[in-house]
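The sequence and the coordinates come next, and the explanation takes up its first topic directly after them.

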Amino acid sequence: MRKKTDKKNTQGKKKQKSINWQVIHRDMSQEGIERSFLSNRQYSLAKDQHSATIQDDFLALAITIRDRIIERWIATQQYYHKNNLKRVYYLSLEFLIGRLLGTNILNLGIWDEVKQAMENLGFDLEEIRECESDAGLGNGGLGRLAACFLDSMATLGIPAHGYGIRYDYGIFNQKIVNGYQVESPDKWLSKGNPWEFVRLEYTTKIKFYGHTEAFNDAEGSLRVKWTDTEDVLAVPYDIPVSGYKNNTVNTLRLWSAASCDEFDFKYFNDGDYEQAVYNKVFSENISKVLYPNDNLNQGKELRLKQEYFFTAASISDIIRRFKAENSDFNTLPDKAAIQLNDTHPVLAIVELMRILIDEESFDWESAFQVTQKTFSYTNHTVMPEALESWPVDMLERVLPRHLEIIYEINARFLKQVALRFPSDPGRSSRMSLFEEGKIKKIRMAYLAIIGSHSVNGVSQLHTHLIETQLFRDFYEMFPEKFNNKTNGISPRRWLYKSNSRLSDLITEAIGDRWIIDSYQLKKLLALKDKVEFQKKWQEVKRANKKTLAEYIYATTGIVVNSESLFDVQIKRIHEYKRQLLFGLFIVSQYLKIKHDPKSFVTPRTFIVSGKAAPGYFMAKLIIKFINSIADKVNSDKVVGDKLKVIFLENYRVSLAERIFPASELSEQISTAGTEASGTGCMKFMMNGALTIGTFDGANIEIAEEAGENNIFIFGLKFPEIKKISSENYDPAVYIKASPVLNEIIRLIQSGFFSPGQHNLFEAIVENLTHQDPYFICADFKDYCFVQEQVSREYRDSKSWIKKSIINVASSGKFSSDRTIKSYARDIWGVPAKGQTTISE
């Protein structure tokens with residue numbers, strides 16, 4: 001009788017669960033969303049209309065949307081599992097995913113239903129969306145690229161998982177106080193994260209420190225044991241990554257550090273409460289903050305531990321998943337493609353070797369063959385000084401077994417080098433994994449190249465430079481490994497979501513297929529000369545500018561002329577990106593008005609935003625300099641609304657989504673040969689801004705796609721930079737030849753922009769007049785000349801609008817969907833199926 005009763009109860013539970021899925025979680029209607037919202041607010045949050053805050057309302061809506069993703073998520077993972085599909089694992093120390101509510105609503109295709117449901121309940125959807133924290137788990141382009149790639153992999157139906165760190169504090173919050181950057185912690189988790197699910201059952205133990213012991217196994221083979229380690233737990237948190245209207249939902253798994261022991265009872269009982277919880281605090285520091293300051297050894301060691309922590313946890317998870325469906329490790333490359341996003345995850349190569357040799361009893365050659373076939377590496381820099389390296393003594397202390405494996409990889413590799421290039425004895429030291437010097441270091445990029453089957457750059461120029469300059473020796477040895485994959489951006493995030501006015505106009509004109517096939521934007525070329533369409537295009541841009549102008553006034557109190565040219569540079573503050581050159585040009589325009597107000601006929605609003613690394617003195621001084629220029633220009637009654645300079649603080653994904661739609665001129669002015677690709681230039685282009693830029697990074701390919709008449713190129717090219725560098729470049733020569741630049745530098749020296757602090761910008765003057773490592777003085781004259789051309793073009797509004805349409809129409813290549821299809825075809829060996837539907 002009891003068995004029969006249990007069976008009935010079980011059947012009842014199954015029936016009830018089925019009803020819940022069908023009625024509640026699959027209901028995409030406006031009425032269904034209203035019901036779910038009210039139910040979640042009451043039963044998930046224990047709030048009603050009287051006690052709920054706006055934050056509660058955001059959480060209730062997020063859970064409502066999340067519920068409609070979960071079933072698709074489970075179905076997707078089961079589909080991958082049942083079919084034992086090859087999966088892509090994307091390892092990145094950064095994922096700048098931003099806010100997810102709007103993205104998930106759009107990907108489900110229920111924007112209108114949600115908007116109407118919220119209105120019926122008395123809410124403004126935009127107000128609710130503003131309550132969501134930006135998940136600032138990245139510093140800039142690297143992390144945002146990773147987020148766009150996850151979006152594209154899901155939309156293309158590629159079985160994929162992202163792996164990173166669940167930082168307690170993301171990229172810092174930036175305040176501008178008296179013109180200076182002031183940092184404060186980014187407590188993005190303080191109000192909870194409705195999108196994540198902790199998976200305690202997949203917690204894994206990560207080892208540090210200790211020592212190694214060699215021994216002979218039962219078969220007499222030499223083995224190594226890593227023992228007496230200090231262990232930390234890696235706890236996984238999963239975030240669903242939904243594809244666009246295709247039922248595919250992939251996973252971003254972020255690791256959080258936890259102590260193996262909450263506290264030591266011995267110390268607790270002795271009354272030493274701080275020491276009792278020391279291990280817990282020490283362990284959890286690993287995932288506490290994005291990019292600890294590595295100016296000190298403690299910071300460097302913490303950074304190394306972060307990199308190993310998340311790569312070791314990820315490799316453990318990948319192997320667990322592989323073993324669930326497979327038994328022969330030789331087939332791992334057929335089931336797993338691991339992409340390393342820059343050098344931060346490169347220790348994953350060594351970790352896989354350690355597991356194969358020490359735990360799975362592989363011989364060296366077989367283990368290395370499996371490892372090489374599994375890994376691929378994306379390089380993101382062209383500057384040798386930016387390549388990551390680790391002190392040998394630090395690795396010996398923190399990861400002793402891994403250092404032994406790296407030594408062995410290097411020894412075997414250098415034997416190959418000597419055999420391949422017997423007449424070039426210097427090549428071995430150039431290609432060694434170990435950089436000899438006062439502090440012996442390990443070159444992580446070299447390890448990535450040796451341990452991977454593919455090495456790619458991220459723009460045509462960048463790939464050419466790593467093949468002929470940065471990694472020339474490796475390219476000559478392994479030319480088949482090297483390839484280009486020009487970066488891309490998600491058109492769904494950066495046009496469809498962030499610029500609804502322009503998206504609606506495009507869809508009205510050519511249909512909505514462009515959302516998943518950005519090459520469809522080419523159809524806009526047929527409309528570029530149509531007067532009515534140009535008028536609508538202009539109205540969209542004008543409306544977006546007014547919206548941004550209102551935001552600027554609300555946040556800064558400054559009124560800007562929405563009829564002026566919105567000239568924008570928004571990106572990480574760094575000397576090579578040359579925000580200083582932009583600042584000098586702004587001063588030149590200010591002086592032009594002061595000398596002859598009537599001659600200035602093209603009003604401009606200069607918009608700058610970006611964060612400087614907390615320990616980067618010069619970058620932070622440049623922020624102060626730009627804000628000091630703003631103080632002078634914005635308060636000058638002679639200037640009026642002809643010029644305004646705006647520094648928008650705390651640059652983040654949600655702020656970028658406000659700025660790009662209103663931008664008209666995109667400043668991509670890095671020194672030629674320093675920007676690997678850049679993706680901001682693509683976001684501007686896709687939103688109808690014209691580019692002024694150097695012959696650098698993706699600017700070259702933008703010129704190829706849009707036509708050189710529809711972009712403003714200036715400055716020295718990379719070969720010219722190399723030439724004048726070899727001839728002992730002297731910036732004083734260029735300063736002397738430019739009366740404008742000469743006057744600007746004298747003004748800075750005189751304290752004009754720093755009243756009461758005469759020498760405040762002395763370091764900038766010293767840098768410009770003596771070193772000028774990024775050739776600002778050499779490019780200044782041509783930059784100003786081309787900017788005059790910009791002003792003339794802008795005054796011809798019909799021509800400018802036409803060029804704007806051409807830029808958007810030509811931006812299809814720069815979709816991350818195109819980039820990911822190339823990775824899938826050429827590197828990972830997985831199909832990109834596009835708009836697939838996983839059966840429910």
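Helix 11 and helix 13 cross in a right-handed manner, where a crossing is left-handed if the near helix is turned anticlockwise from the far one by less than a right angle, and right-handed if clockwise. This is a predicted model, in which local features need pLDDT of at least 70 and side-chain atom pairs count only at pLDDT 80 or more, while totals for chains, interfaces and linings use all residues. Residues are numbered from 1 along each chain as its sequence is written, and side-chain values use heavy atoms, with hydrogens and water left out. Helices (H or I, at least four residues) and strands (E, at least two) are DSSP runs, numbered from the N terminus.

Two packed helices are described by the angle between their axes and the distance between the axes. For helix 11 (residues 297-325) and helix 13 (residues 347-359), the axes come within 9 Å and cross at roughly 50°; axes here are lines fitted to C-alpha atoms, for helices over the stretch in contact, and angles run from 0 to 180 degrees between N-to-C directions. Helix 11 and helix 13 are therefore oblique to each other, given that angles under 35 degrees count as roughly parallel, over 145 as roughly antiparallel, 65 to 115 as roughly perpendicular and the rest as oblique. On the side of helix 11, Leu-304, Tyr-308, Thr-311, Ala-312, Ile-315 and Ile-319 meet Leu-347, Ala-348, Glu-351, Leu-352, Arg-354 and Ile-355 of helix 13, with contact meaning heavy atoms within 4.5 Å. By class, this contact of helix 11 with helix 13 holds nine nonpolar, one polar and two charged residues; Ala, Val, Leu, Ile, Met, Phe, Trp, Tyr, Cys and Pro count as nonpolar, Asp, Glu, Lys and Arg as charged, and the others, Gly among them, as polar.

Another pair is formed by helix 22 (residues 500-510) and helix 23 (residues 531-556), which pack at an angle of about 165° with their axes 9 Å apart. That angle makes helix 22 roughly antiparallel to helix 23, and the crossing of helix 22 and helix 23 is right-handed. The residues in the contact of helix 22 with helix 23 divide into eight nonpolar, two polar and three charged, including Leu-502 and Ile-506 from helix 22 and Trp-537 and Val-540 from helix 23.

How many of the 18 residues of helix 25 are buried? The number is 13, so helix 25 is largely enclosed by the rest of the structure, where buried means under 20% relative accessible area, exposed over 50%, and partly exposed in between (1.4 Å probe, protein chains only).

Asn-84, in the loop between helix 3 (54-82) and strand 1 (87-91), has a phi near 45°, a positive value in a residue other than glycine, and at 19% relative accessibility Asn-84 counts as buried. Asn-728, in the loop between helix 29 (718-726) and helix 30 (731-737), also has a positive phi, about 60°, but Asn-728 is exposed, with a relative accessible area of 68%.

Ser-459 lies in the loop between strand 18 (454-457) and helix 19 (460-470) and counts as buried at 0% relative accessibility. Leaving aside neighbours within four places in sequence, Ser-459 is in contact with Asn-484, Thr-486, Ala-676, Ser-677, Gly-697, Ala-698 and Glu-701.
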